[in-house]
Amino acid sequence: MPWIILLISAVFEAVWATAMGMSEGFTEPGPTAVFAVALLASMVGLGRAVKHIPIGTGYAVWVGVGAALTVAYAMATGAEPVSAAKIVFIGGIILAVAGLKLVPAGSEPRPGAAAEQDAGA
């Protein structure tokens, strides 16, 4: 479930990034409101997801998916030119995100975990 929350929050990241661009420096009320709501939803989702996913992995996935969706949307709407190179590199971002999901969590304790155990014993 944390991965689903993370991906949904990444979608909201793409929404707020796009809305920010449409807000004309936060002078347009509609896009500014969409920006604020999507930003809040995105941050809350990221915060919840990284309770269960390491912060480095969670943040990389959140940023990668959000950036890829933002560029894909801009290309689909004509706001940004489409090129084969952009498509290849966006695909690379998505492959990297999938790779992060496939990497085992591992059994190494996180830094400071031993000190926490000692303090609790």
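**Close-up 1. Helix 1 passes helix 2 in a left-handed crossing.** Left-handed means that the near helix is turned anticlockwise from the far one by less than a right angle; right-handed means clockwise. The contact (heavy atoms within 4.5 Å) involves P2, I5, L6, S9, F12, E13, V15, W16, A19, M20 and M22 of helix 1. Helix 2 contributes P31, V34, F35, A38, L39, A41, S42, G45, L46, R48 and A49. By class, 17 of these residues are nonpolar, three polar and two charged. Here Ala, Val, Leu, Ile, Met, Phe, Trp, Tyr, Cys and Pro count as nonpolar, Asp, Glu, Lys and Arg as charged, and the others, Gly among them, as polar. The model is predicted: local features need pLDDT of at least 70, side-chain atom pairs count only at pLDDT 80 or more, and totals for chains, interfaces and linings use all residues. Residues are numbered from 1 along each chain as its sequence is written, and side-chain values use heavy atoms, leaving out hydrogens and water.

**Close-up 2. The axes of helix 1 and helix 2 lie 7 Å apart.** Their packing angle is about 155°. Axes are lines fitted to C-alpha atoms, for helices over the stretch in contact; angles run from 0 to 180 degrees between N-to-C directions. The two helices are therefore roughly antiparallel (angle over 145 degrees) to each other.

**Close-up 3. S9 sits in helix 1.** At 1% relative accessibility, S9 counts as buried. Buried means under 20% relative accessible area, with a 1.4 Å probe and protein chains only. Leaving aside neighbours within four places in sequence, S9 contacts A41, S42, G45, L46 and W62.

**Close-up 4. Helix 2 passes helix 3 in a right-handed crossing.** S42, M43 and L46 of helix 2 meet G58, Y59 and W62 of helix 3. Four of the contact residues are nonpolar, two are polar and none is charged. The axes come within 10 Å and cross at roughly 150°. Helix 2 and helix 3 are therefore roughly antiparallel to each other.

**Close-up 5. Helix 3 covers residues 55-77.** Helices are DSSP runs (H or I, at least four residues), numbered from the N terminus. At 1.5 Å a residue, the 23 residues of helix 3 should span 33 Å, and the end C-alpha atoms are 32 Å apart, which agrees. The expected span is 1.5 Å times one less than the number of residues. Buried in helix 3 are G58, V61, W62, G64, V65, G66, A68, A74 and M75. The buried residues of helix 3 pack against helix 1 (2-22), helix 2 (29-49) and helix 4 (84-102). Just after helix 3, G78 takes a positive phi of about 85°.

Note on methods: Buried < 20%, exposed > 50% of the residue type's maximum accessible area, 1.4 Å probe, protein only. Parallel < 35°, antiparallel > 145°, perpendicular 65-115°, else oblique.
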